[in-house]
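Look at the sequence and the structure before reading on.

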Amino acid sequence: MKEWPEGVSPLIAPAVILSGASLAWTTWSLVDLLGTGEIGLTVAAGADIVWAAVIAAEARSLRITSPVGKGRNLVPVIGWAALLAVAGLLVWHGIRADSIPMAVAGPLLPLGAKVIWLLALADMRDPAALTDDERAVLARMQRGMAFEEEQHRIEMRRREMAAERQLAEVAVDFEIELTRMNKGRELARRRPLEIAPIANTDHPAEQPAISPSMPPLGPPAPPPPNSANADREQPSIADLARDQVAITTTNSAAVQAILAARPNADRESVAAAVRRARRNADGMKGGYG
C-alpha cells in the first residue's frame, strides 16, 4: 500500500479528481446554458476559479472575521455560497435542457468535491493545533507587540533628535565663544603700541621722567619749603640760647624769647639749652653761673 507523505491525507486524491470533473462539467454546462459560444467560457471559468479559490483558502486556514456574529469566519460561508450558486446554475441547465437526470446529477459533482475536500482538510488538521480563536488571540498579541516595538523605536528616535539638537546648540555656543576670544586677541594685537616713559638720567632725581605726552622741560623750579629745609635754614636751639643769653640777664627771659621764635620747641629742652649756654658764657667770663 502506498504511503502518503506526512501531513497529507489520502483523501486528497479523490478530492482532486472530483474537483477536475466538477470543473469540466460546470464549464460545459454554463457555456451551453448561456449559449454564447466561446465567450461563455469566461463566465464558466470565472465561476470555477471562485469555487477553487475558496477551497484553497480553506485549505490554508484563511480567516476573514465577520463584523457581526462575534467574529465568525466568513471563508466557509463564501465557499458554500459559491458552491450553491454553481449548483443552482447546473440545475437550471438541466431544466432548460428538459433533462431531469442532468438537473439532479449535475450538482452532485461540485457538492461531492466540496464534501471530500472538507474531509481531506479535517484529516490533515493537527488535533493539537491551535483553534481559530486562539490564533486570533495570539495574532492580537503579536500586533500589540509590534505596535509597542514601533512606538519604542519612534520614541528613541525622538530622544536622539533632541540630543542631537542639544549638542548642536552647545557646538554653536562653543564656536561663538571661540570666535569672540580670537577676535579679542586680534584686537589686542592691532592696538597702537604704547610708548613707555623715557627715564631722564642726565637730571637730578627730583625731575620727572620724559614721556611723549609731557611738554618740554623748563628750568628746574626751586624745591618747595618743607619742615626739613626750614630746620636746616633756621638757627638751632643752642644757637638761639647763646644769642638770648648774650642779650638777656635772666634765663626765664631767654626761654620766653626762644619759645616766641620757636613755638613748637619743648620748654624743658629750651630751658636746658639756656642754662647750658649761660654756664658756658659765665665760664668764659670767669664766673660760675
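Which side chains meet in a salt bridge with 2.5 Å from N to O? Those of Arg180 and Glu177 do, a salt bridge being a side-chain nitrogen of Lys or Arg within 4 Å of a carboxyl oxygen of Asp or Glu. The model is predicted: local features need pLDDT of at least 70, side-chain atom pairs count only at pLDDT 80 or more, and totals for chains, interfaces and linings use all residues. Residues are numbered from 1 along each chain as its sequence is written, and side-chain values use heavy atoms, without hydrogens and water.

Arg180 and Glu177 both belong to helix H6, three residues apart, about one turn of the helix. Helices are DSSP runs of H or I with at least four residues, numbered from the N terminus. Arg180 is exposed at 51% relative accessible area, while Glu177, at 36%, is partly exposed. Here buried means under 20% relative accessible area, exposed over 50%, and partly exposed in between (1.4 Å probe, protein chains only).

Side chains of opposite charge can pair when their charged atoms come close. In the whole structure, a search finds nine salt bridges. One of them joins Arg153 to Glu150, with the closest N and O atoms 2.4 Å apart. Helix H6 spans residues 132-190, and these two residues sit three apart in it, separated by about one helical turn. Arg153 is partly exposed at 48%, and Glu150 is partly exposed at 36%.

Glu155 also pairs with Arg158, the closest N and O atoms being 2.5 Å apart. A network of salt bridges links Glu155, Arg158 and Arg159.
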